[in-house]
Amino acid sequence: MNWLLILTIILGVAALSRLLKVMELSAILRGEDVNAMKDSDSKNNALIWVLFGGAFFYFFYWQVKNYADKLLPISASEHGVETDNLFMVTLVLITVVFFITHVFLFYFAYKYFVKKGQKTEFFAHSTKLELVWTVVPTIVLTSLIVYGIQTWNTITTPAPEDTPVIELYAKQFDWTARYAGKDNKLGNSSFRLIEGSNDLGIDVNDPHAADDKIVRGEFHIPVGKPVNFVFHSRDIIHSAYMPHFRAQMNCVPGMTTRFHFVPTITTAEMKEKTKNENFDYLLLCNKICGASHYNMQIKIVVDTPEEYEKWLNDKKTFAEQNAPKVEEAPKLDSLVMGLDSTLNKTDSLATASVTKK
Amino acid sequence: MSHAETLEHEHHDDHGHDHFHDDHHKESFISKYVFTHDHKMISKQFLITAMVMGVVAMLMSTFFRLQLGWPGKAFPILETFLGKWAPGGVLSPDMYLALVTIHGTIMVFFVLTGGLSGTFSNLLIPYQIGARDMASGFMNMLSYWFFFASCFVMMISLYVESGPASAGWTVYPPLSALPQAIPGSGLGMTLWLVSMSLFIVSSLLGSLNYIVTVVNLRIKGMSMTRLPLTIWAFLVTAILGVLSFPVLFAAALLLIFDRSFGTSFYLSDIYISGHALEHTGGSPILFQHLFWFLGHPEVYIVLLPALGLTSEVISTNARKPIFGYKAMIGSILVIAFLSFIVWGHHMFITGMNPFLGSVFTFTTLLVAIPSAVKVFNYLTTLWKGNIHFTPAMLFATGLVSTFITGGLTGIILGDSALDINVHDTYFVVAHFHIVMGASAIFGMFAGVYHWFPRMYGRMMNKQLGFVHFWATIVSVYGVFFPMHFLGLAGVPRRYYANTEFPLFDSLQDINVMVSTFAILGALAQGIFLFNFFYSIFRGSKSVDNPWRSNTLEWTAPMEHIHGNWPGAIPEVHRWPYDYGKPGMDEDFVPQSMPMKPGEVEIH
């Protein structure tokens with residue numbers, strides 16, 4: 001195999017050398033220099049430019065046609081709709097500019113290749129023209145800037161106080177979600193407290209920590225309600241990329257970062273919309289973080305509020321998890337389960353009435 | 001011109017004469033080819049070193065494209081080149097990241113900064129401004145040898161047992177600071193930092209020299225507004241380098257401290273491999289600020305020389321003056337200025353203050369204005385021209401195309417709201433490879449084909465040049481255009497494989513196509529390499545001024561002599577773009593030709 005490769009290279013070089021030699025000799029026979037430019041060279045290349053241009057535009061069209069349905073489905077978050085609109089406006093604009101400028105490029109290449117007696121225009125400067133193509137892009141870009149910054153401001157306005165907080169905790173190479181619980185306050189945590197099963201380093205003595213709920217493998221969020229994500233990392237920089245929600249934020253060790261959005265389509269609805277039974281929302285790591293970077297993910301499930309409440313209530317709080325005695329008594333646990341669901345219902349009703357006030 | 005300046009010039013001319021007459025003594029091999037002070041030889045040294053590095057980086061890209069196109073498939077060639085890093089011919093994830101990292105580092109710094117500026121600033125600055133050599137030949141020599149040393153260290157790092165640096169070419173800490181996080185952050189990363197430090201020294205020595213030379217050694221009549229646009233581009237590039245590379249040096253130095261001496265500039269609150277580290281109080285984001293304060297001007301350090309070369313090649317081959325000469329200079333200056341206040345657009349999602357994000361969106365999108373001016377000026381230069389499609393001209397027009405295509409997607413990435421969802425996806429990879437990678441390399445190829453006769457006194461084979469161009473532009477778009485769609489489908493960059501996500505299964509055929517074009521593109525560069533080395537020895541002898549060009553370098557004899565011109569350096573009487581001027585005998589008027597009586601200087 002390797003010898004074959006080396007042999008191919010040697011033969012290739014030899015063949016090319018011979019080819020050039022033949023070209024040079026035949027040029028000498030015609031009394032020419034093989035490398036002197038002839039007008040026909042320019043003509044041929046101008047023609048290829050036009051062919052290339054056609055092929056390029058067709059390639060563009062072909063890709064749009066074939067790949068359009070492979071792109072991300074419609075935005076599953078409120079702000080994502082605005083982002084997508086901004087994206088479409090920008091995309092249409094740059095596509096138009098792309099085509100116009102390229103048509104000019106290919107046309108000029110074809111029209112003005114060197115010909116005997118072709119007069120060139122000695123045209124070095126025109127204040128009017130230059131003003132036009134400075135001012136027009138300025139105006140267009142100014143409107144894009146304003147539109148873009150407005151969208152950015154809507155997205156980055158801090159979340160309202162009572163928005164449920166979910167911490168996304170990154171480490172090589174997995175994600176953990178922590179729900180702030182009833183008090184909607186995350187218990188303090190520190191990398192120094194990481195020990196044994198307490199791998200988020202949560203401060204056991206912080207009263208806010210007791211009702212926190214730690215979730216792995218997948219996490220749920222309710223449709224139609226804002227969620228306020230808080231990001232942490234324990235080792236290196238990761239990035240929480242949730243492409244379906246048009247959301248992304250870096251997780252930086254020693255820093256807290258935030259992103260909030262309102263999911264608008266449940267997983268079940270999205271399965272229908274995409275006609276894909278296996279569809280799932282995902283959170284991917286999108287900042288190079290090591291050997292398994294390409295597989296650092298967690299599933300996101302968007303539930304109806306009722307499903308969400310039920311799912312969350314089934315999860316144990318940090319205090320419960322930390323009380324080993326409860327875990328050692330599975331019988332009691334399963335007994336309580338039945339009661340639990342009824343209890344939770346009254347509970348969630350109670351919360352709902354509180355928020356209404 | 002003041003009296004002092006005149007004296008200066010006379011003095012310099014005399015100096016040149018002396019050298020010329022001294023030149024009859026035999027130069028040793030070492031002083032002529034190795035530790036040479038001659039700008040022409042140094043330029044060749046830069047070019048060939050950069051070509052070697054370019055081949056390495058290109059091979060790396062085909063290696064990881066094999067993995068991305070056909071994930072998990074065994075390719076014996078990978079084991080041949082990479083040994084234990086590709087057991088059984090399947091690339092390991094660690095080596096994948098290393099390849100991506102070193103590919104980026106080599107291409108950005110060694111090929112497109114060292115190679116592009118080093119080659120053409122050295123070759124063209126003295127020739128085009130009418131100087132005998134660089135202001136300091138010794139510094140120039142040091143600049144090359146630091147570059148060589150830095151290449152050498154970078155190559156050595158490929159053979160380190162724990163692997164070369166693999167934290168991405170941006171080497172963000174903490175990943176790049178902690179060998180526990182990734183094996184490449186051990187000795188490999190140390191060597192990377194040493195190599196980059198050497199590179200920065202090389203770049204600074206070179207840049208200072210370029211600036212001083214352009215400012216001080218212009219021949220009589222060569223005012224700043226008569227400089228070819230190449231020289232303007234090289235000058236501004238050098239200024240950018242002097243202002244921004246020291247910041248990278250600081251960033252690298254602090255990273256070295258954090259790695260080796262236990263400081264905490266970038267590290268804080270880290271728990272890794274079962275231990276809480278001592279570091280507290282640092283910020284990884286600080287590194288990003290420092291890095292991109294260089295990193296963004298770096299984009300223009302790469303691009304501006306290419307644009308300068310293109311301006312020259314387009315005007316010469318369209319047989320028309322470059323349209324809007326002063327606007328071209330203006331846009332170079334505006335781009336250069338803006339390049340220092342847009343670095344934050346690389347960091348929109350690091351949790352920066354949203355207001356700051358708005359400011360960076362604003363400044364970033366402004367860059368589109370001078371860029372648009374440049375594109376329109378190129379197009380107008382082509383309009384009603386008499387275009388000779390030499391290989392150089394093909395690459396120059398190719399640059400106009402890639403500069404448009406890649407520049408336009410920058411409007412999406414520079415918009416913070418849109419960046420959120422395409423940040424660090426293949427959309428970014430597509431964007432910067434087209435606008436910076438392809439454009440800069442096209443400019444470089446245009447330069448090589450155009451000035452090859454000036455460098456070696458021979459012509460490159462034109463037919464192979466044509467084939468090289470068409471194969472290259474087809475593969476550039478074949479590789480990078482589909483990547484936009486990968487990005488819009490949400491595929492993150494730097495993934496070893498997309499196989500862990502059923503979501504991306506339907507995109508595999510795009511990756512196969514991309515990889516196929518990448519291999520085609522790599523093979524096409526073989527044609528160039530062959531043509532280059534064949535033509536050095538066997539190419540047909542070039543006539544004087546083969547492209548019928550106006551600039552001063554073509555008034556010097558084709559044979560390389562110390563001091564460039566045998567007699568006095570020709571004085572300059574006009575700007576360099578009098579192509580097709582009405583009332584003149586030919587369709588070009590060299591800068592050294594005095595104005596005819598009654599002729600009006602137009603620009």
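**Exercise 1. Which elements do the buried residues of H3(A) pack against?**

Solution. This is a predicted model; local features need pLDDT of at least 70, side-chain atom pairs count only at pLDDT 80 or more, and totals for chains, interfaces and linings use all residues. Residues are numbered from 1 along each chain as its sequence is written, while chains are lettered from A and ligands numbered from 1 in the order in which they are written.

- Step 1. Helices (H or I, at least four residues) and strands (E, at least two) are DSSP runs, numbered from the N terminus. A buried residue has 20 or more other C-beta atoms within 10 Å of its own; exposed means 12 or fewer, partly exposed in between, with C-beta atoms placed from the backbone.
- Step 2. List the buried residues of H3(A). Among them are A:His79, A:Leu86, A:Phe87, A:Ile94 and A:Phe106.
- Step 3. Find the partners. In chain A they are helix H2 (39–67), H4 and strand S8 (257–261). Chain B supplies H12, H13 and H14.

**Exercise 2. Check the span of H3(A) against its residue count.**

Solution. 

- Step 1. The expected span is 1.5 Å times one less than the number of residues.
- Step 2. H3(A) has 34 residues, so it should span 50 Å.
- Step 3. Its end C-alpha atoms are 50 Å apart, which agrees.

**Exercise 3. Describe H4(A) and its cover.**

Solution. 

- Step 1. Helix H4 (residues 127–156) of chain A has 30 residues. From first to last C-alpha it reaches 42 Å, close to the expected 44 Å.
- Step 2. Its buried residues include A:Pro137, A:Leu141, A:Gly148 and A:Trp152.
- Step 3. The cover includes helix H3 (78–111) of chain A. From chain B it includes H11 (354–366), H12 (368–382), H13 (391–413) and H14 (416–422).

**Exercise 4. Locate the largest nonpolar core.**

Solution. 

- Step 1. A nonpolar core is a set of buried Ala, Val, Leu, Ile, Met, Phe, Trp, Tyr and Cys residues joined through C-beta atoms within 7 Å.
- Step 2. The largest has 280 residues; A:Leu168 and B:Phe395 are among those with the most contacts inside it.
- Step 3. Helix H5 (residues 93–129) of chain B gives the largest share, 21 residues.
- Step 4. Take A:Leu168. Beyond four places in sequence, its contacts (C-beta atoms, placed from the backbone, within 7 Å) include A:Trp175, A:Phe229 and A:Cys251.

**Exercise 5. Judge the confidence in chain B.**

Solution. 

- Step 1. pLDDT is the predictor's confidence in each residue, from 0 to 100. Chain B averages 92, and 96% of the residues score at least 70.
- Step 2. Over residues 1–23 of chain B, pLDDT stays under 50. Where pLDDT is low, the predicted coordinates should not be read in detail.

Conventions: Contact = placed C-beta atoms within 7 Å.
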